[in-house]
Amino acid sequence: MAERARGVTAVLGPTNTGKTHYAIERLVAHPSGIIGLPLRLLAREVYAKVVERVGEDAVALITGEEKIKPANPRFWVATVEAMPLDLDVSFMAIDEVQLAADLERGHVFTDRILNRRGRDETLLLGSDTMRPILERLIPGIMVTTRPRLSQLTYAGARKITRLPPRSAAVAFSAEDVYAIAELIRRQRGGAAVVLGALSPRTRNAQVGLYQAGDVDFLVATDAIGMGLNLDVDHVSFAGVRKFDGFQFRHLNLAEMGQIAGRAGRYKRDGTFGVTGRVNELESEAAARIEAQDFPPVQVLQWRSSSIDTSSLEALQASLAAMPGEDGLTRAPAGEDIQTLEMAAREPEVRDMACDRSGVARLWDLAQLPDYRKIAPAHHADMILTLYRFMMREGCIPEDWIAAQIRTCERTDGDIDTLAARIAHIRTWTYVANRPDWLENPVSWQGATRETEDRLSDALHERLTQRFVDRRTSVLTRRLREKTVLDAEIDPDGQVTVEGQHIGRLDGFRFTPDDAADASQTKALRAAADRALAGEIERRAAALTESPADNFAFQPDLSLSWKGAIVARLIAGDDLLKPRIGLIADEQLTGATRDKVQERLERYVAMMVTTTLQPLFDMQQGAELPASVRGLAFRLVENLGILERAPIADEIKALEQDDRARLRKHGVRFGAFHIFVPALLKPGPRKLAAQLWALHDGGAAGVGPQEIEERLVPELVASGRTSVPREAALPDVVYALLGFKPVGKRVVRIDILERLGDTIRDAMSWRPLSGSPQPEGFVDGGTFRVAPNMTSLLGCGHEDMAEVLAALGFRKDRRAPPEPQTNEEAGKPETAETASEAGPIDAAPEGAPAETVATQSGTTPAQSGDSKADAETPAAGEEDNVSAAQADEAGASADAAGDDAGDGLIEVWRPGRRDGGRRERPRHGAPRGRKAKSSNGSKTAGAPAKQGKTGPRKGADKASQRKRQPDPDSPFAKLADLKRELEGGS
């Protein structure tokens, strides 16, 4: 014990006191030296620092699974278990000496503390809790203490999702670590994962993610408490129970202090707390952790270093020896002793372990770590297999070790699968690094290291894929740095920031990537706010200078600029003056936003005014007298189309000059409607209907998009003059689109007016007029459905009959008239005659007075409507009825006009305007006489007097003809046949 203290210094203190850094400085100050560290990961970190100071050729790295040994190293960095025991070096240091109290590994640290020394200097680094036991076991030891460089403060309990950035959450099972990491990924962008079961390369890669700032959170086991130098600001305990290799138990305060002490780096203060289902720490416990004031270590775990390999019994006895000093206790039997005991029960093993070399070999193999953690018996079986190889063949066969390595080479699978393969390959890596277990250990060291590296990289990739949202982590880090972000926008509007796709910029609105969840969306928007501010300003400046052809209305009355939606129309107080609603993010503000709004308002006003120019002209027509302004106002209010019947009296009261003024504004006075033909074109009609739908269409269940995408193509732009009526569509919508519902069909308004003109021609023609007889002419008081009528509507006879009935015409069947002589036909009607005549009465529910005049043959001057207007297609457009459709309609009309076999024909006559007004006289009847109905009887006055043998004198010839049987009728044929039969009998 007197020799133990020679040149030994204990450097004690809490975490973040710079003890490891001090040891490295002392190491390189000596000509040679070795430092023992608790973890392979930490050994790798220290090795890199020493290499940086003295060069790669002067430093060796020795761990159970890795050896980097140059030809003549001066300095050695090793794990405590793998420290070469035969080195004579000037300096030696043992880090984290408080682990000598650990039940599983403590005996190794105790052996190094008590029995290994540097020639000139030995440093024992660890916690203050080791001071009493070190002073007892090493009398005269020099002890120096180092204060913590930063303050540690208890921060209480927080939810996992509310942990501050640069936090480490500590749990004590792989399941808990994975669950916490997954939750942080969903809510905060991702976390690095550090587990004791990971390979050092994987752990290094995960720690590198955290250290580089790619993630702000680390989820780990208590492995982070063992000297890993991390930039952690807050440590949160997600569990306080662990399995120590023998039982589940609560962490003691010293262990919690060791882990919590990772918070705060150098002179930056740190905090610790609890999270998840862990209860708040008691105030006394929290205060002791803050002060790093813990109970001292009472005993160290010990195992005899004097191993007797003369026989199995002697080996077992030496391992079971008890310590002879106070402060030491025999360590519990570990995996190596358990494996030895199981092997010693095998007769074959006892036979082979019959001498010192056989026993030493068995003990050497029994110390192979159980990385796989399958079961103690399974591990013991593998040790026995290796022992048989080595005792029988001198080493492990290469073909056998090659087969074991091949089973581990696959890099597919999930996290658990890859972790299991890494555990297997670590076993063979350990085997390859033993100098006498394989015939060619150097080559196998390379093979196993290469396989382990591939698996470690694959595992790191899987961990990153599962627990790290790379996009969110990169953006979060760059946002935290407060630097200018590198943003790119492709022609389709896809936005990439710092190489990460974040979403799409349409016009002035950013839409985050659809695949992003709520937490990711927040980061994407934050990145977009910073990266796209300049781009939005640039776009706003370009829009304000853009010509009109860069803008366009969309089917839903949204407004696009260069294909991107930038605004939508909103119903205003005036149907023809919609408001503009910008579709833009908050970056578009102030004067820039006002300029964009103004430019869009000017475009919308220009488009509406240009497309519906006649309405605005009438609205602003100062030359229109008061008597006309009311009608003009109604036309504007109804978007250029008015039914004539409701305003018949108002139309009748108009002077010819008033009508002329309205015609100058493009107004046409039709038989059924007052309308503006120029507004019946598809463009104006579509916009007018869409504006109505925007303003009032909600009540009718019709929106602007349905009008453009369905109704306009089916009606206005189809070129069809009439279509079947859709019951679910309100009449007002048809009217807005320029169609009039009549019966089961809807007819284009201008076509309906042309139909009225055609019927008027057929009813008003006179033989002495000098013009050809029109189709459909019967006798001047009725008409027949002619092919030109059905082709005009593009429909068959049945549909035409429904249209005529809906327009107020009545259908009769009568004998065909005989050709009239000039005297019978009479002269053309004069204005006086026309003024007394009734209408064709093609005005259902009471046609307007002017309709009566025009339809009964009144001249254009008398009716106030020009003949040219009445026969001109709407807005100068030609009817687009196909030839096939027209032929079919004509054939249908011809077929319908054929006799039904009874000698009668189907004719149409105007319906009565009211129940008390008589029908107009037929053309050719003497004026002043009662008009006769279609069956030849008087429609008013006393019945006609007849003689005994025939009609009364003065009866018209048509009545006489009707009373004479038709010799070609079926009834006449039957009568002749009956007479013949009677005569024969």
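This presentation describes side-chain contacts in the structure shown above.

Good morning. The model is a predicted one, in which local features need pLDDT of at least 70, side-chain atom pairs count only at pLDDT 80 or more, and totals for chains, interfaces and linings use all residues. Residues are numbered from 1 along each chain as its sequence is written, and side-chain values use heavy atoms, with hydrogens and water left out.

I begin with the nonpolar cores. In soluble globular proteins, nonpolar side chains tend to be buried together. A nonpolar core here is a set of buried Ala, Val, Leu, Ile, Met, Phe, Trp, Tyr and Cys residues joined through side-chain atoms within 4.5 Å. Buried means under 20% relative accessible area, exposed means over 50%, and partly exposed lies in between, with a 1.4 Å probe and protein chains only.

Which residues touch the most other members of the largest nonpolar core? They are F508, L576, L600, L612 and L737, in a core of 64 residues. Helix α25 (residues 682–700) gives the most to this core, namely 6 residues. Helices (H or I, at least four residues) and strands (E, at least two) are DSSP runs, numbered from the N terminus. If neighbours within four places in sequence are left aside, L612 is in contact (heavy atoms within 4.5 Å) with L576, L679, P684, L687, A688 and L691. Another core, of 62 residues, lies apart from the largest one and includes V219, A353, I396 and I415.

I turn to the salt bridges. Side chains of opposite charge can pair when their charged atoms come close. The definition used is a side-chain nitrogen of Lys or Arg within 4 Å of a carboxyl oxygen of Asp or Glu. The structure holds 51 of these salt bridges.

In one of them, the side chains of E66 and R44 meet at 2.4 Å, N to O. E66 lies in the loop between β3 (59–62) and β4 (67–68), and R44 in helix α2 (residues 40–54), so the pair ties together parts that are 22 residues apart in sequence. E66 is buried, at 6% relative accessible area, whereas R44 is partly exposed, at 29%. A network of salt bridges links R40, R44, E66 and E452.

The side chains of D233 and R268 also form a salt bridge, at 2.7 Å, N to O. Both partners are partly exposed: D233 has a relative accessible area of 25%, and R268 has 36%.

In a further example, E802 and K744 meet at 3.9 Å, N to O. This pair links distant parts of the chain, with E802 in helix α30 (residues 797–806) and K744 in the loop between β31 (739–742) and β32 (745–748), 58 residues apart. K744 is exposed, with a relative accessible area of 60%, while E802 is partly exposed, at 29%.

Finally, the aromatic rings. Rings of Phe, Tyr and Trp (its six-membered ring) pair if their centres lie within 6.5 Å; planes under 30 degrees apart count as stacked, over 60 as edge-to-face and the rest as tilted. A search of the whole structure finds 11 aromatic pairs.

Why is the pair of F783 and F809 edge-to-face? The ring centres of F783 and F809 are 5.4 Å apart and the planes stand at 90°, so the pair is edge-to-face. Both F783 and F809 are buried. Elsewhere, F389, W400 and W428 form one aromatic cluster.

Thank you for your attention.
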